[in-house]
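Let's take a friendly walk through this structure together. Have the viewer ready, and we will go from one region to the next.

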Amino acid sequence: MNTSFRTIGAALCVAALGSATLVACGSDSSEPASGTSAQSTAAGAGNGAANGEGQGRGPITFAMGRNDTDKIIPIIDKWNAEHPDEQVTLNELAGEADDQRDTLVQSLQAGNSDYDVMALDVVWTADFAANQWLAPLEGDLAVDTSGLLDATVESATYNNTLYALPQNTNGQLLFRNTDLVADAPDTFDDVRSACEAVQDADCLTTQLKQYEGLTVNALGFINGWGGEVLDDNGEPTVESAEAKEGLQALVDAYADHTIAESSTAATEEETNLAFTEGKTAFAINWPYMYSNAAEKGLNFEVQPLVGKDGIGVSTLGGYNNGINVNSENKATARDFIEFIINEENQLSFAEASFPPVLASIYDDEALIQEHPYLPALKQSLENAKPRPVSPFYPAISKAIQDNAYAALTAGKSVDDATRDMAAAIRQAS
């Protein structure tokens with residue numbers, strides 16, 4: 001699932017969440033509305049057919065889940081106005097992440113070039129790259145990523161090769177009701193201490209229901225205490241002392257009610273309601289909740305997550321734009337994905353509460369006045385980590401969910417939980 005910041009009445013589509021095993025988001029419809037065009041003509045092979053390498057120029061198609069296409073349509077319109085011979089056709093995919101992925105995979109497995117550029121959930125990138133469905137962004141397709149947030153580039157890199165160009169991103173924030181807790185915590189132990197004085201409200205609410213949100217938050221604790229799930233060779237490292245300490249901190253915080261008991265039944269929306277209704281002093285959630293809390297007139301502040309020794313580690317969300325290896329107009333596709341990350345277009349994302357990947361946007365003073373959470377979000381993103389970059393990510397996520405949930409709710413020891421996580425990850429790969 002891919003992320004934008006949404007008001008409470010809008011479809012909740014959290015960028016951190018997506019892949020075959022993940023929570024659905026946005027529209028209830030599972031049927032893709034293919035062929036939707038934004039000031040476009042039907043895309044075809046163009047003059048790329050004459051180029052044996054498929055590096056040609058001409059019309060292209062851009063596939064993206066329908067939940068967030070309102071952000072990209074104005075950019076497509078600008079591109080099409082400037083490139084009459086290289087028009088971009090938007091193909092809207094289903095609102096549900098699983099359905100989006102299924103549509104793309106079916107086309108790619110058949111060797112089709114229906115979609116020249118694909119907006120991929122960050123956790124799909126390694127899978128698509130491993131299956132050789134994406135053209136590596138090297139040689140004539142190389143792009144400059146020096147101005148992008150480092151974690152976003154890491155999420156688009158597989159086996160030390162860039163296979164997609166980050167488009168937009170997202171990171172979690174720690175929300176604090178200042179009527180209940182006046183001072184900002186520096187570490188997670190500060191959260192625990194602050195909650196000792198909280199009455200008539202829960203301490204901290206987050207997403208620990210058994211779905212992708214649990215993976216995201218378990219990773220936040222594992223990474224925030226210095227642990228990792230995989231090493232650079234793809235081997236599981238969840239049995240390290242640091243990883244165990246992080247998972248133990250999560251389990252202990254739930255056991256002593258620092259983390260609200262309701263969290264094991266909470267998704268982002270339950271967390272949103274608990275915080276905006278003043279029922280919890282702290283909440284971990286995506287930045288979309290900022291506008292909801294402000295509309296409720298709540299007195300609150302936001303900051304990056306906190307971990308063992310200071311700023312914590314958020315899990316990264318967002319879209320990466322990959323080029324279909326079968327595209328006949330890869331040169332146009334490459335220029336279009338680079339066009340999306342220019343300063344003007346990235347600024348339009350920020351103004352639409354769609355977190356940009358261009359780091360400089362977060363320092364725009366006028367934008368900060370409009371969106372006061374941006375400095376905290378930039379810190380969150382600078383300290384964020386992608387979820388494990390692996391073609392076997394769905395199985396890895398399930399291993400984390402199953403064992404973390406058992407440790408939280410069924411008395412499974414952290415030693416046993418991490419051992420079984422590691423075994424399941426090895427079996428999957």
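Which residue with a positive phi follows helix 14? It is Gly411, with a phi near 75°. Before going further, a word on the ground rules: this is a predicted model, where local features need pLDDT of at least 70 and side-chain atom pairs count only at pLDDT 80 or more, while totals for chains, interfaces and linings use all residues. Residues are numbered from 1 along each chain as its sequence is written, and side-chain values use heavy atoms, with hydrogens and water left out.

Now look at helix 14 itself, residues 393–409. Helices (H or I, at least four residues) and strands (E, at least two) are DSSP runs, numbered from the N terminus. Helix 14 has 17 residues and reaches 24 Å from its first C-alpha to its last, close to the expected 24 Å (the expected span is 1.5 Å times one less than the number of residues). Because 12 of its 17 residues are buried, helix 14 is largely enclosed by the rest of the structure; buried means under 20% relative accessible area, exposed over 50% and partly exposed in between, with a 1.4 Å probe and protein chains only. Among the buried residues are Tyr393, Ile396, Ile400 and Leu408. Their cover includes helix 6 (212–224), helix 7 (241–255) and helix 15 (414–428), where contact means heavy atoms within 4.5 Å.

Next come the aromatic rings. Rings of Phe, Tyr and Trp (its six-membered ring) pair if their centres lie within 6.5 Å; planes under 30 degrees apart count as stacked, over 60 as edge-to-face and the rest as tilted. By this rule there are 15 aromatic pairs. Phe175 and Phe275 have ring centres 5.7 Å apart and planes at 65°, so this pair is edge-to-face. Phe175 sits in strand 7 (residues 173–177) and Phe275 in helix 8 (residues 268–276), so the pair ties together parts that are 100 residues apart in sequence. Phe175 is buried, with a relative accessible area of 0%. Phe175 also forms a stacked pair with Phe300, at 6.4 Å centre to centre and 25° between the planes. Since Phe300 belongs to strand 10, this second pair ties together parts 125 residues apart in sequence. Phe175, Phe275, Tyr290, Phe300 and Tyr373 form one aromatic cluster.

Finally, find the cysteines. The model has 1 disulfide, a pair of cysteine sulfur atoms within 2.5 Å. Cys195 and Cys203 form it, with their sulfur atoms 1.7 Å apart, and both cysteines are buried.
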